[in-house]
Amino acid sequence: YKLSVSPEMDIMEYCRKEWRGNTPAAKRMRKGYEAVAQKFASIRRIRGDNYCAFRATLFQALSQATQVPRWLQSEDFTMLPENLLSKYDWIKQWQLRQKPGKRMGEISDEIKEYLILLRKKWKNISEIKGPLEKQEACDRLFKNEEEEYSLYEALKFLMLNTAIELYNADKSGRRVPVFSWLLFARDTSSNPCQLMHNHLNHIGHSGGLEQVEMFLLAYALQYTIQVYRLYKHSTDEFITLYPNEPEEDWPVVTLITEDDRHYNIPVRMCQETML
């Protein structure tokens with residue numbers, strides 16, 4: 001049994017344990033961690049199993065949630081699987097985590113359940129007032145493997161829905177964010193159907209999220225994802241925002257990565273930073 005989100009640990013202590021040598025890479029990592037330690041006191045390690053970008057982002061979003069996002073409250077939110085299936089037959093080839101080969105006609109109800117679960121958990125956790133109790137509720141949720149992976153299925157489906165919206169907006173001549181062009185400029189995802197087959201269906205199984213998919217996740221959640229990319233320390237990509245020009249009213253979550261593949265989370269903002 002592996003913990004999904006490990007208990008917190010002092011950031012610099014963690015850094016000293018992980019990066020002992022005197023190689024240029026180790027020196028750069030230490031500098032990166034020192035910069036993060038100006039803002040945050042602790043780090044929590046995220047379990048690495050190709051879902052870590054989802055896990056880190058969702059854990060951070062829930063642990064600071066004080067309200068349910070507007071898109072999660074909308075009437076037709078839970079009708080998404082049915083609505084999309086009625087327009088796009090190819091969605092029947094969606095791959096569910098524990099049920100490869102199950103047909104989408106049969107699983108639209110399951111995805112609906114995952115969406116309902118996401119809404120319920122978000123609502124319950126956002127209503128908890130005390131920070132300690134909120135943290136404990138998040139820890140409990142991320143120890144329940146069945147529920148946790150169901151939430152990632154919901155996130156993946158929301159990413160597909162967002163991709164379809166962006167693709168259609170671009171085709172009808174409306175303005176779309178730059179990452180959307182990049183997303184559909186790839187040979188492997190020139191349209192939402194290919195994106196599903198070659199990317200979304202594989203997330204959590206044989207791969208994690210690529211850079212351009214971090215943008216898609218941010219848009220699906222309507223959250224700004226701020227990432228300290230430690231190996232880019234002392235370049236202007238050290239702190240990267242997804243999306244680059246976020247909406248002002250989007251909440252911000254912060255992650256740390258050493259390689260753009262695995263993500264951990266910084267916690268406990270230093271007092272002076274909060275002021």
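1. Let's start with helix 2, which covers residues 24–37, so to speak a run of 14 residues. From its first C-alpha to its last it reaches 20 Å, close to the 20 Å expected at 1.5 Å a residue. Keep in mind that this is a predicted model.

2. Which residues of helix 2 are buried? They are Ala-26, Met-29, Arg-30, Gly-32, Tyr-33 and Val-36. Looking down the axis of helix 2, you'd find its buried residues within an arc of 160 degrees, so they line one face of the helix. As background, an α-helix has 3.6 residues a turn, so residues three or four places apart point the same way.

3. Strand 2 deserves a look of its own. It is largely enclosed by the rest of the structure, because 4 of its 5 residues are buried. Strand 2 pairs in the antiparallel sense with strand 1 (residues 9–10) over 2 bridges, and Asp-10 stands opposite Ser-42 there. Strand 2 also pairs with strand 6, again antiparallel, over 4 bridges; here Arg-44 has Ile-265 as its bridge partner.

4. Now the largest nonpolar core, with 76 residues: Leu-118 and Trp-122 touch the most other members. Helix 8 (residues 145–171) gives the most to this core, 13 residues. Beyond its neighbours within four places in sequence, Leu-118 is in contact with residues including Trp-71, Phe-77 and Leu-155.

5. A second, separate core has 13 residues, among them Met-12, Met-29, Phe-40 and Phe-238. You've met Met-29 already, as a buried residue of helix 2.

Technical notes: Residues are numbered from 1 along each chain as its sequence is written. This is a predicted model: local features need pLDDT of at least 70, side-chain atom pairs count only at pLDDT 80 or more; totals for chains, interfaces and linings use all residues. Side-chain values use heavy atoms; hydrogens and water are left out. The expected span of a helix is 1.5 Å times one less than its number of residues. Buried means under 20% relative accessible area, exposed over 50%, partly exposed in between (1.4 Å probe, protein chains only). The arc is that of the directions from the helix axis to the C-beta atoms. Two strands pair if DSSP finds at least two bridges between them. A nonpolar core is a set of buried Ala, Val, Leu, Ile, Met, Phe, Trp, Tyr and Cys residues joined through side-chain atoms within 4.5 Å. Contact means heavy atoms within 4.5 Å.
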